[in-house]
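User: I have a few labels to go through. Please show me the structure, then tell me what backs each one.

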2 protein chains.
Amino acid sequence: MRILLDVMSGDRPPHELIQGGVNAAKRQRVDILFAGDPDVVAHALAHEKEKLGSQFAILPCSQIIEMADSPVKAVREKTDSSMVRGLQALRDREVDAFVSPGNTGAIVAGAIFTLGRVSGIPRPGLMVSLPTLCGPDILVIDVGANSDCQPDHLLHFALMGATYARDVMRIAQPQVALLNIGGEQNKGNRLATEAYNLLRGAELPFAGNVEAHHLITDRPVDVVVCDGFVGNIFLKATEGGVTAVTGILRHSIHRFLLAKLGALLLCRTFGTIRKTLSYQRRGGAPLLGVNGPVVIAHGRSDAVAIESAIDVARREAEAGLVERFARGLAGWSRDGG
Amino acid sequence: MRILLDVMSGDRPPHELIQGGVNAAKRQRVDILFAGDPDVVAHALAHEKEKLGSQFAILPCSQIIEMADSPVKAVREKTDSSMVRGLQALRDREVDAFVSPGNTGAIVAGAIFTLGRVSGIPRPGLMVSLPTLCGPDILVIDVGANSDCQPDHLLHFALMGATYARDVMRIAQPQVALLNIGGEQNKGNRLATEAYNLLRGAELPFAGNVEAHHLITDRPVDVVVCDGFVGNIFLKATEGGVTAVTGILRHSIHRFLLAKLGALLLCRTFGTIRKTLSYQRRGGAPLLGVNGPVVIAHGRSDAVAIESAIDVARREAEAGLVERFARGLAGWSRDGG
């Protein structure tokens, strides 16, 4: 298994991302092809025992797609960027999966342009795996690949999400729900009501509507679908709520001596909070529906987050998800079997 | 100042809501007209010193609009409900403001039907006032009155929100922003990009796009506008993030003795978290743009929340916001003056 890691497009310096790749290579038994400035990569790898050759190789690139770049323009014009060259390496089967912490819009545009969509899937969907307080992660798709969606797109997100839950997460009978502003059938905007009817009529394990306030605490279903604008707002608002509470805690702990002592006694709890809810340090988001495993890591990803994103990419590639999507998304029944 | 309190439509028993009205009457120098079952109200008031007559009166009603009722149907058919009779009392100027913890959709439909929209305002907007970690509350409008919006609706939400910030919250030069999935001008779905252009071109203190993850921690602006579907998802996802962290804390504190001791030392901090971020116990959401001050309290409102919602209604009525809206929403400049 060989993973392409784009080390130039994130917010953090390349050597931190390279470290994530090195750690993944050691612990996950994968080979890494680093796309980026060859001098920077060679320098960062100088102290590694394996060095170049066996587990590590360099795909030299001279350009960087920046976070502020206009996605389509950047992908068209920066043809020697780590992102575009990396996607081409995946297309040409030089690697089995692609990981980048870069500009989400550019990765989506580049992946559609370079790899193409899986036949029969109208729009790829970006999926995140959110930790919950009561069981495995909950999957949310789409969280930002498509700002304007049609009901049919949500149906395909549901089918891809359910397949991912079954084949990658090994959940036997995954349940899918629609993110909405109320539980009843007629709730929501036009897209939500039309998507509800489409999902209810499809051969699919559909559990109806879910609301945003209890997904993490109660994990009512395995997969939640929504349009990319709403999914992105959901994700960032959740992060905002978590940050607000932890911000108050941190402030008090610095300010009051007794609180400092209390925090010491609660350090195991704080560790759990950090481990469970620090979304920016966790995993990566698979872009499902393009011809190749593409994982978008958070822009602020450090070595730990990159290692986790490589794990997500490896597991998707091992499960053969793209090939499964290409054979068609039918074959579900309403009880998830 | 006389406030109508609908005591039948919430999730909690009427006597708890009546207690909130009684407390408000004592502390805010308002008179309360309780809409509901006269026996229930009279019984709950039996121990009050002032009793009926001076500060308290009953508007007897025989029906209740339930949370699960279909909004338009319920408002049309349950003409002797506390909600409909209460809105009629506001229309007929028997009271100065209306407060209900009932079915949001039914209150919106009932208010439009009974009171009518303020001339020139295409859609009323439901606004919440969210506590922040660094200053006054931040206002978010719309959080659920309109699931499908046009750019023009968002412009009016912005103008109403800015006027509320200036005239009720006494913020001298309120800044307004658009809730979006990125900071740049061309980000977001079709509604967001069109609304951005409309807001930028309007005579309005518009500060551009804001993202959902830092509204509570950084309070980048005074007023945030969005469509009601997105606003409702934002609100509930924020609540979900807060609940997740406090849930982990609560769980640990019950489980580990050391954590229990730590929590005791942090009790002042936990009090701050509860006070700052327990949205369901706070205030009420004004429905701006209908002909009369209408405040929708959270369905789970207890006496404290009802008292707070009455405070919101009183302040809106005192500021004469409806009259100001009726005189037109122009008169803003781009720097908020």
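Analyst: Here it is; note that this is a predicted model. Strand E8 (residues 206-210) of chain A is largely enclosed by the rest of the structure.

User: What makes E8(A) largely enclosed?

Analyst: Buried means under 20% relative accessible area. Four of the five residues of E8(A) are buried, so the strand counts as largely enclosed.

User: How do you know that E8(A) pairs with strand E7 (residues 176-179) of chain A?

Analyst: Pairing takes at least two bridges. E7(A) and E8(A) have three, in the parallel sense. A:Val176 stands opposite A:Phe206 in E8(A).

User: Why are H10(A) and H10(B) called roughly antiparallel?

Analyst: The label applies to angles over 145 degrees. The axes of H10(A) and H10(B), residues 257-265 in each chain, cross at roughly 160° and come within 7 Å. The two helices are therefore roughly antiparallel. The crossing is left-handed.

User: Which residues of H10(A) and H10(B) meet there?

Analyst: On the H10(A) side, A:Leu258, A:Ala259, A:Leu261, A:Gly262 and A:Leu265. On the H10(B) side, B:Leu258, B:Ala259, B:Leu261, B:Gly262 and B:Leu265. By class, eight are nonpolar, two polar and none charged.

Terms used:
Residues are numbered from 1 along each chain as its sequence is written. Chains are lettered from A and ligands numbered from 1 in the order in which they are written. This is a predicted model: local features need pLDDT of at least 70, side-chain atom pairs count only at pLDDT 80 or more; totals for chains, interfaces and linings use all residues. Side-chain values use heavy atoms; hydrogens and water are left out. Axes are lines fitted to C-alpha atoms, for helices over the stretch in contact, and angles run from 0 to 180 degrees between N-to-C directions. Angles under 35 degrees count as roughly parallel, over 145 as roughly antiparallel, 65 to 115 as roughly perpendicular and the rest as oblique. A crossing is left-handed if the near helix is turned anticlockwise from the far one by less than a right angle, and right-handed if clockwise. Contact means heavy atoms within 4.5 Å. Ala, Val, Leu, Ile, Met, Phe, Trp, Tyr, Cys and Pro count as nonpolar, Asp, Glu, Lys and Arg as charged, and the others, Gly among them, as polar. Buried means under 20% relative accessible area, exposed over 50%, partly exposed in between (1.4 Å probe, protein chains only).
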